[in-house]
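Please look through the sequence and the model shown below before reading on.

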Amino acid sequence: MTRWLFTAMPLGRLAIFRTLVYLYVVIDVLWLQTSGWYHGYADPIWYEPLRLGQLLHLPAATVVLVQTLKWGSVAAALVAATGRLPRLAGTVVAVCWIWYMYVAYAYGKVDHDRGDFVVALLLLPTVGSAYWRDRRLSEAAGFVLRAAQLAAIATYFLSAWAKVRFGGWEWVNSATMARAVVRRGTPWVKWLLDVPELLHLTQWGLFVAEMSSPLIFVVPEKWRRRMVMGWFAFHAVTYASITIAFWPHLVMMLAFLPLETYADRFRSWWLTRRSGRVGVVAGEVAAGEAAAGERMPEAAADGGVR
């Protein structure tokens, strides 16, 4: 088990994953999860400390605290995304973002799509310098990526377990999906309300897929990538159907992919495309020079007057 957890992986893969994680932090704080900032204006009477707050004795939010956490997350994430000060900047991001999310959820519901993202933020600072084109193998990088993978799959598996633990088997045998379509359905899926049997099968399909998600660790690499793409397709359909997206969780699923290989392919394609453009321009220039050379003797023959 220890050998599997600490499987050496390319530092370049970790570097790309780290950049994507920190760039998502900026997008999340500024555009996606914006509820945290206005809780600074809320009456402290509405504050109910979560377990983290009870353990660390975190105070109710204030305007100053929330703004510090918000912009601290953004500034530190931008630095960490470049690969500079990975330990210091990464630690600041982890503290500020997790606290900012705590503020967002200490006044209402807690989304379950951010637990795996917390794991990544806490572990990324444990790896020092790493660059996109760094192909050295690192057990530290492998552990961070493996932990992100485990947390991401646990999100699926435990979600299925929670469905039957708290909702019972009625979750898959009742009108759960129909209710979601009624409440949040987009126009192009409203027709599903006329086919309740299909919605019922969808519930069972989702439940089975989530329960079997740990199989991703035992299938061949080719099928592992296909399973990841299948989950991405599932989330795309979910968003298009009922406008629910698990953005930070999708970032975590990237830990399964050979990101450095994709980066190399893109770089090769870009250089080829760029060299092709240069070749075309060079050909046009050469053709222009040749045409000019042909006109010069003619101009000399008539004294340079045309």
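## Aromatic rings

W4, F217 and F256 are joined into a cluster by ring pairs, where rings of Phe, Tyr and Trp (for Trp its six-membered ring) count as a pair if their centres lie within 6.5 Å. The model is a predicted one, in which local features need pLDDT of at least 70 and side-chain atom pairs count only at pLDDT 80 or more, while totals for chains, interfaces and linings use all residues. Residues are numbered from 1 along each chain as its sequence is written, and side-chain values use heavy atoms, with hydrogens and water left out.

A search of the whole structure finds 14 aromatic pairs. One of them is formed by W169 and W204, which are stacked, with 6.1 Å from centre to centre and 15° between the planes; planes under 30 degrees apart count as stacked, those over 60 as edge-to-face and the rest as tilted. This pair links distant parts of the chain, since W169 lies in the loop between α8 and α9 and W204 in helix α11, 35 residues apart. W169 counts as partly exposed because its relative accessibility is 49%, and W204 is also partly exposed, at 32%; buried means under 20% relative accessible area, exposed over 50% and partly exposed in between, with a 1.4 Å probe and protein chains only.

## The chain as a whole

The secondary structure of the chain comes to 14 helices and two strands, which are DSSP runs numbered from the N terminus (helices H or I, at least four residues; strands E, at least two). Of the 306 residues of the chain, 41% count as buried. Among the contacts in the chain with a separation of 6 or more, 79% come from residues 24 or more positions apart, a contact being heavy atoms within 4.5 Å.

## The nonpolar cores

The largest nonpolar core has 63 residues, of which F17, V21, Y22, F117, L121 and M252 touch the most other members. The helices α2 (11–32), α5 (63–81), α6, α7, α8, α12 and α13 (247–253) each supply at least two residues of this core. A nonpolar core is here a set of buried Ala, Val, Leu, Ile, Met, Phe, Trp, Tyr and Cys residues joined through side-chain atoms within 4.5 Å. Leaving out residues up to four places away in sequence, F117 touches V21, Y24, V25, W97, P248, V251 and M252. Another core, of twelve residues, lies apart from the largest one and includes V164, V189, L199 and L206.

V172 lies in helix α9 (residues 170–173) and is buried, because its relative accessible area is 0%. Beyond its neighbours within four places in sequence, V172 is in contact with H200, Q203, W204 and F207. The C-alpha atoms of V172 and F207 are separated by 7.5 Å, although the two residues are 35 apart along the chain.

K163, which is found in helix α8, counts as buried because its relative accessibility is 11%. Not counting residues up to four places away in sequence, K163 touches G168, W171, L206 and E210. In helix α2, T19 counts as buried at 10% relative accessibility, and apart from its neighbours within four places in sequence T19 is in contact with A81 and W132.

About 990 Å³ of space lies in the largest pocket. Of the 32 residues that line this pocket, M177, L206, T238, I242 and I244 are the closest to its centre. On a 1 Å grid over the protein atoms alone, a pocket is an open set of points where a 1.4 Å probe fits, with protein on both sides within 12 Å along at least five of seven lines, and lining residues have an atom within 4 Å of a point. Grid points are joined across faces, edges and corners, and a volume is the space filled by probe spheres set on the points. The helices α8 (139–166), α10 (176–184), α11 (196–211) and α12 (221–242) each supply at least two residues of the lining of the largest pocket, and α10 gives the most, with seven residues. By class, this lining divides into 18 nonpolar, nine polar and five charged residues, where Ala, Val, Leu, Ile, Met, Phe, Trp, Tyr, Cys and Pro count as nonpolar, Asp, Glu, Lys and Arg as charged, and the others, Gly among them, as polar.

The second largest pocket holds about 560 Å³ of space. It is lined by 19 residues, of which V110, D111, R114, G115 and V118 lie nearest its centre. The helices α6 (86–105), α7 (115–123) and α8 each supply at least two residues of that lining, which has twelve nonpolar, four polar and three charged residues.
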